[in-house]
Amino acid sequence: MAHDVTFIPGDGTGPELAEATRRVLEATGVDLRWDRHEAGIDEYEAHGNPFPDATLASLKRTGVGIKGPTTTPVGAGFRSVNVLLRRELDLYACIRPCKAYEGVRTRFPETDIVIVRENTEDLYAGIEFERGSEGNATLRATLAQLGATVRDDAGISIKPISVFGSERIVRAAFEYAIARGRRKVTAAHKANIMKFSDGLFLEVARRVAPDYPDIEFEDRISDNLCNQLVSRPEEYDVIVLPNLYGDIVSDLGAGMIGGLGFAGGANIGKHAAVFEATHGSAPKYKGRNRVNPTALMLSGAYMLEHLGETAAAQTLEQAIAAVIRKGEKVTYDLKPARDDPTAVGTSEFADAVIEEMNA
Ligand code: NAD
């Protein structure tokens, strides 16, 4: 069966990573019909909009996209394409598997965890009141009436966590665990400190967990989780977290498996899913055929799984793992020294993965 997929190359090193990924996905033999659309800084500079309506319309039509990284200018400029995407398509679940592959230098070779991060609420909801603003003064006055004093030189960010948002992300974690044969879900929080936001998240997780009797459930305070992840990573499996902790623990997980070059991921909603690497556009390497395409290729394998092409997803993942294990036709970041002359480029890494799949 043919699958329509929106293909967004992105900017910076995005297009070369996306091209390498497109080639390995096609080499699996799965019939993918690409609907190519632009997003990112190049599109902004050319046509004044980093996230064209046509790109969004295509994602709404196909329901599945693969996306190279896109640059977000710091300070002035435009809003993050990724934030817009998650909001427009309500991609509430960010799923980031962190598995250490043999051949990658890491102090945590036993790591095989999956981070399930809530994508829409928490301190990232964008409800902020600038120091000195009228809104800030109004809010502080209301808080004062409620008996809560906030200094008048404070900036304020609000942390909403709802039953609705918590329930759907906790269920997403359990559903993921069941579908992938995982054994345990750990909910991470600071319910000891933030009783009405993180406390609610934990309360919902505890209420939902018995609906999935075959999956073990536990909770951890998030600072303790970080400590335990780097001392006993093998004890963790699927970890579900509110937005902010999920963001931080995702990078911890990426570090544990050898770096951002290996961390793939997916943003999933009820009506659409967009697959992309955790890392950014690494603009200093743009056009140099140098960066490691593993993270986006793995995201491509997760996309195949999502499309029900499980065998092809496994073939692709195994081929990537074999290339990394052999350590010959790999990019500079996988070599013992960064200036190793035997390192290959992004495109040749893709060739090696295709060779492995055809072997
Ligand atoms: P980055 O991840 O792009 O790069 C940081 C460093 O990590 C690079 O200089 C490089 O040394 C290394 N690196 C990253 N990806 C690599 C790869 N595939 N192979 C080898 N090395 C790799 O982070 P940044 O420099 O903070 O961000 C650059 C831009 O990307 C920013 O505009 C940021 O907003 C954006 N960004 C986009 C996304 C996304 O589109 N999903 C995610 C994060 C950051």
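In this predicted model, Arg-288 is partly exposed, with a relative accessible area of 46%. The residue is found in the loop that runs between β12 (273–275) and α10 (294–306). Arg-288 belongs to a patch of positive charge on the surface, where it gathers with Arg-105, Lys-284 and Arg-338.

Aromatic side chains were examined next. A search of the whole structure finds four aromatic pairs. In one of them, the ring centres of Phe-174 and Tyr-212 are 4.7 Å apart and the ring planes stand at 5°, so this pair is stacked, given that planes under 30 degrees apart count as stacked. Phe-174 is part of helix α6 (residues 163–179), while Tyr-212 is in the loop between α7 (198–208) and β9 (216–221); the pair therefore ties together parts that are 38 residues apart in sequence. Phe-174 is buried, with a relative accessible area of 0%. Tyr-212 is also buried, at a relative accessible area of 7%.

Phe-217 is partly exposed, with a relative accessible area of 24%, whereas Phe-174 is buried. Through these ring pairs, Phe-174, Tyr-212 and Phe-217 are linked into a cluster.

Terms used. Residues are numbered from 1 along each chain as its sequence is written. This is a predicted model: local features need pLDDT of at least 70, side-chain atom pairs count only at pLDDT 80 or more; totals for chains, interfaces and linings use all residues. Side-chain values use heavy atoms; hydrogens and water are left out. Patches are made of residues with over 30% relative accessible area and no salt bridge: like charges are joined within 9 Å, nonpolar side chains (Val, Leu, Ile, Met, Phe, Trp, Tyr) within 5 Å. Accessible areas come from the Shrake-Rupley method with a 1.4 Å probe; for residues, only the protein chains shown count as cover. A salt bridge is a side-chain nitrogen of Lys or Arg within 4 Å of a carboxyl oxygen of Asp or Glu. Lys and Arg count as positive and Asp and Glu as negative; His and the chain ends are not counted. The place of a charge is taken as NZ of Lys, CZ of Arg, CG of Asp or CD of Glu. Helices (H or I, at least four residues) and strands (E, at least two) are DSSP runs, numbered from the N terminus. Buried means under 20% relative accessible area, exposed over 50%, partly exposed in between (1.4 Å probe, protein chains only). Rings of Phe, Tyr and Trp (its six-membered ring) pair if their centres lie within 6.5 Å; planes under 30 degrees apart count as stacked, over 60 as edge-to-face and the rest as tilted.
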